[in-house]
Amino acid sequence: MNLKDKIISVARLEDVVQRYLPLHRNGSLSKTMQGICPFHDDRHPSLYVNVKEQYYKCFACGEGGDLFKFVQKMEGCDFSGALKILAGWYGLSETDDYRPAKFPSVRKRTQPVSEELVSQLHIDVLLRNCRMFLDLLEEYQPEDEMLRETYKAFEVGLAPASLPSDYKNYCNRIVFPIRNERGELVAFAGRYRGETKGTDIRKYINSPTSPIYHKSEILYGLYQAQEAIRQHKFVYITEGYKDVLAMYAAGFRNTVALCGTALTEQHATLLSQYTRQVIVMLDGDEAGQVNGIKSAKLLIEKGFSVGQIILEPTHDPDSLLGRMGREDFIEYMRAATRRSRLEVYEAFLLRNIEQIVSQLHLALTMEERASLFARMIPLHKRLAKVTGLLAHSPVMKADWLLNNLYI
Ligand SMILES: [Zn+2]
């Protein structure tokens, strides 16, 4: 083990920091400690020390790093200087296999830092910032018991009343962490807890666009849904965070959400890695329906097979689950899904039959015509069966179901 690893194995960042300044813990279970930042003129404690992951970050001036960086900054020395100081504090010495030359300090670097490296560092800082904010969230339990486990699985939290300046807009909001398809935490959405009608408060706020977060490239829930999409071979596209959570809670885990954007080509490319079968189920209001038709059109252009579930104007999956309860919601979704899949199959059969019909007049011989008819007959039989099934599978009206449930 080299000296650096030896130091890491015995030294705690929070102890090292507290040699210079006092820290206090944010709640007994918190993974972070907080103090006045020594790197800028700090009046409120802006320096956060992540005890679990052993890094620090100032949300005001942006300074951050590990314990070696902290000592370097405080002492104005390079990396090997910080190693020596830390080794002295912890009574560690260099061993024979330790070569200080293996650790060139930043100052001694002769190669210019490449642009690629700089942007990678920038991305690392952004990702680390997101993790730090996640650690600041408090546990949030939705009133609805059905949703509790799901909210936990999706790390939904409550932002505390005071936050670092970067995140102060999230104070007291319910926060939905957003991961990309690789599971990296890239952004947050914060939902206002009170009524926003008649005020100019925004119901949802979002992380700004950054090198790690482009709304047009993120589908909320895709990371959690991947396995279920592969298993069921199709995906539901819904409108919002809470719709994904409601569907997940009811067992329809192959669900993602657009979250306030129109479906883009990047979304389509992303989805095509998992499936080309889609059921679009956006909100029942006009905006949702217009967006649904647009999204379906784009997906069809990209070679997807697309079904739709149209909800009543006043409903979305989250409100339906809340009002119906889990059992009835599952039944409703199953019936609606089945109908949507039958419609897609019906359209597929019709397209095939049309194609054969269009070839009929090109057939020159009786044999050719006979072979075309032979291909058409089984398609017609299947079509008759599907149409019959559809006739016996009425459009499921959520309002109808709800009215009957309460009689
Ligand atoms: Zn600072």
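Let me begin with a definition: a donor is an N, O or S atom within 2.8 Å of the metal (3.2 Å for Na, K and Ca), and, as water is not among the atoms, sites may look incomplete. What we have before us is a predicted model, in which local features need pLDDT of at least 70 and side-chain atom pairs count only at pLDDT 80 or more, while totals for chains, interfaces and linings use all residues. Residues are numbered from 1 along each chain as its sequence is written, and side-chain values use heavy atoms, with hydrogens and water left out.

I turn to the metal site. Which atoms coordinate the zinc ion? They are SG of Cys37, ND1 of His40, SG of Cys58 and SG of Cys61, at 2.1 to 2.3 Å. Along the sequence, these donor residues follow the spacing C-x2-H-x17-C-x2-C. The angles among the four donor atoms run from 102 to 120°, and the site is tetrahedral. For that term, four donors must have all angles between 85 and 135 degrees; four count as square planar and six as octahedral if opposite donors are over 155 degrees apart and all others between 65 and 115, and anything else is irregular.

Are the cysteines of this site buried or exposed? Here buried means under 20% relative accessible area, exposed means over 50%, and partly exposed lies in between (1.4 Å probe, protein chains only). Cysteine 58 is buried, at 0%, and cysteine 37 is buried as well, at 3%. Cysteine 61, at 36%, is partly exposed.

A remark on cysteines in general: a disulfide is a covalent bond between the sulfur atoms of two cysteines. With the cut-off of a pair of cysteine sulfur atoms within 2.5 Å, the count of disulfides in this model is zero.

Next, the empty space. Rolling a probe the size of a water molecule over the atoms shows where empty space is left. On a 1 Å grid over the protein atoms alone, a cavity is a set of points where a 1.4 Å probe fits but cannot get out; a pocket is an open set with protein on both sides within 12 Å along at least five of seven lines; and lining residues have an atom within 4 Å of a point. Grid points are joined across faces, edges and corners, and a volume is the space filled by probe spheres set on the points.

How many cavities of 30 Å³ or more are there? The count is one, and the largest cavity holds about 40 Å³. Its lining consists of Ile178, Tyr213, Lys215, Ile218, Tyr220, Tyr241, Leu258 and Cys259. By class, this lining has seven nonpolar residues, no polar residue and one charged residue. The classes are as follows: Ala, Val, Leu, Ile, Met, Phe, Trp, Tyr, Cys and Pro are nonpolar, Asp, Glu, Lys and Arg are charged, and the others, Gly among them, are polar.

Two of these lining residues deserve a further word. Tyrosine 241 belongs to helix H8, residues 241-249, and is buried at 5% relative accessibility. As for the element names, helices (H or I, at least four residues) and strands (E, at least two) are DSSP runs, numbered from the N terminus.

The second largest pocket has a volume of about 700 Å³. Of its 27 lining residues, Leu134, Asp135, Leu137, Glu138 and Glu139 are the closest to its centre. Strand E2 (32-35), helix H5 (115-136), strand E6 (138-139) and helix H6 (148-153) each give two or more residues to this lining, and H6 gives the most, with four. The lining comprises 12 nonpolar, seven polar and eight charged residues.

I close with the backbone. Asparagine 172 has a positive phi of about 65° although it is not a glycine. Asparagine 172 sits in the loop between strand E7 (157-158) and strand E8 (174-179) and is partly exposed, at 45%. Lysine 233, also not a glycine, has a positive phi of about 65°; its loop runs between helix H7 (222-232) and strand E11 (235-238). Lysine 233 counts as exposed because its relative accessibility is 57%.

Within helix H7 lies alanine 225, which is buried at 0%. Its C-alpha atom is 7.1 Å from that of valine 256, 31 residues apart along the chain.
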